[in-house]
Amino acid sequence: LADALDEAAVKVEERFGTRPDLAVDIRFALGQSMLSRYRLEAGEAQLARALADSESAFGRNDERSIRSLGALASLRKEQDRFIEAAELFADALARIDAGGLVRSELHSSLLNDFGVMRLIEEDFAGARVLLEKSLAVGDAAQPPPTPAQRAQTLGNLAQAARGLGELDRADALYGEVQAIFERIYPDGSPYLAIVLNNRARVARARKQPEQSLALLEKAVAMHRRSFDGDHVMILVPMTNLARQAHDLGRLELAAEWGERAAAMGERLYAGRSHVYLAQARLALAGIRASQQRNADAAGLLLRARASLDALESPSESTEAYYATLRAQVCADPAQVGAPPCTP
């Protein structure tokens with residue numbers, strides 16, 4: 001299906017070049033498909049054209065224009081262009097009011113997606129406000145969001161609760177979401193795997209490391225069944241699995257997954273920076289330090305630092321982890337005076 005959609009993309013201009021009103025829906029669908037497969041440049045081209053054509057044919061406040069704008073905001077988020085993404089989300093939400101779409105599934109979806117970006121930025125309080133409003137709007141919408149869409153928002157709210165230290169509430173919400181997805185997807189799905197990954201992080205925070213590791217192994221296996229080749233949806237839980245195994249002293253298992261995560265991150269983000277690439281490099285740096293391979297760890301820290309410096313706003317937790325690893329590596333006399341241990 002993905003191959004067929006990619007082939008269709010090159011024919012849109014040929015078939016519908018003079019009918020932008022018809023091309024809007026097609027370009028939006030193509031752009032969403034490319035975004036979901038992390039083909040960001042190709043997706044950006046389709047979504048930007050869908051937005052321009054929709055505004056020209058239907059107006060700025062039409063539902064088709066707003067949904068294209070929201071998708072473009074989500075794409076900017078995946079590019080780590082958070083300032084621009086926030087501006088686009090704010091514009092889309094303002095248009096919701098102007099277009100009379102306050103009680104719509106689109107409004108609920110935009111609030112959820114904006115909340116997800118705040119989660120990535122670790123603004124958990126701001127995310128909770130957006131996500132709770134998303135649920136309230138969805139409950140009043142006609143037609144309402146699907147059970148899967150509502151479950152995703154509940155899962156995001158659970159992540160906000162975890163970030164705010166409300167671990168019991170987070171675990172309860174994740175349990176509710178997991179039950180919904182297990183009914184919808186009895187053979188597993190990326191959505192269920194995300195819940196397992198996030199529930200593992202709660203288990204880790206609750207000092208349940210073995211349970212966390214088991215959940216992460218299940219999540220990675222499920223993601224690898226769902227996606228062919230490299231994908232960010234595999235990279236994130238793979239990095240988390242490497243770190244959890246490392247924390248348990250399971251260095252062989254940690255090294256296996258840390259090496260896979262770092263290699264995948266290098267392929268996914270070749271020639272550019274991304275927070276997930278930095279986190280994969282840091283995970284492997286920590287493992288190398290525990291293996292007494294401090295020279296390798298130092299090299300990974302340098303590359304992680306380069307990735308972090310290129311981001312608009314690295315998260316506090318990632319910066320703190322970098323500082324911890326740097327102190328550990330630089331305590332080795334052999335590394336004194338060498339980057340990244342220079343003043």
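**Ground rules**

I number residues from 1 along each chain as its sequence is written, and my side-chain values use heavy atoms, with hydrogens and water left out. Since the model is predicted, local features need pLDDT of at least 70 and side-chain atom pairs count only at pLDDT 80 or more, while totals for chains, interfaces and linings use all residues.

**Entry: helices 9 and 10**

I looked up helix 9 (residues 147–163) and helix 10 (residues 167–184), whose axes come within 8 Å and cross at roughly 160 degrees. Helices here are DSSP runs (H or I, at least four residues), numbered from the N terminus. Axes are lines fitted to C-alpha atoms over the stretch in contact, and angles run from 0 to 180 degrees between N-to-C directions. The crossing angle makes helix 9 roughly antiparallel to helix 10 (the term covers angles over 145 degrees).

I noted a left-handed crossing for helix 9 past helix 10; that is, the near helix is turned anticlockwise from the far one by less than a right angle. Which residues of helix 9 meet helix 10? Among them are Pro147, Ala151, Leu154, Leu157 and Ala158, and the helix 10 side includes Leu167, Leu173, Tyr174, Val177 and Phe181. Contact means heavy atoms within 4.5 Å. Ala, Val, Leu, Ile, Met, Phe, Trp, Tyr, Cys and Pro count as nonpolar, Asp, Glu, Lys and Arg as charged, and the others, Gly among them, as polar.

**Entry: helices 15 and 16**

Next I turned to helix 15 (residues 275–290) and helix 16 (residues 294–309). Their axes come within 8 Å and cross at roughly 165 degrees. Helix 15 and helix 16 are therefore roughly antiparallel to each other, and helix 15 passes helix 16 in a left-handed crossing. In helix 15 the meeting residues include Leu277, Arg281, Leu284 and Arg288, and in helix 16 they include Asp296, Leu300, Arg303 and Leu308. I listed eleven nonpolar, two polar and four charged residues for this contact.

How many cavities of 30 Å³ or more does a search of the whole structure find? I got one. A cavity is a set of points on a 1 Å grid over the protein atoms alone where a 1.4 Å probe fits but cannot get out, and lining residues have an atom within 4 Å of a point. The largest cavity holds about 40 Å³ of space. I found Lys77, Glu78, Asp80, Phe82, Ile120, His274, Val275 and Tyr276 lining the largest cavity. Helix 5 (63–78) and helix 15 each give two or more residues to that lining.

I also checked the second largest pocket, with about 180 Å³ of space. A pocket is an open set with protein on both sides within 12 Å along at least five of seven lines. Its lining is Tyr38, Arg39, Leu40, Glu41, Gln79, Arg272 and Ser273, which I sorted into two nonpolar, two polar and three charged.

Most residues other than glycine have a negative phi, and most peptide bonds are trans. I marked a cis peptide bond between Gln142 and Pro143, with omega about -5 degrees; Pro143 sits in the loop between helix 8 (124–140) and helix 9. Another cis bond joins Pro339 and Pro340, with omega about 5 degrees, and Pro340 is in the segment after helix 17 (316–330). Glu122, not a glycine, has a positive phi of about 65 degrees and lies in the loop between helix 7 (105–120) and helix 8.

Key. Parallel < 35°, antiparallel > 145°, perpendicular 65-115°, else oblique. Points joined across faces, edges and corners; volume = space filled by probe spheres on them.
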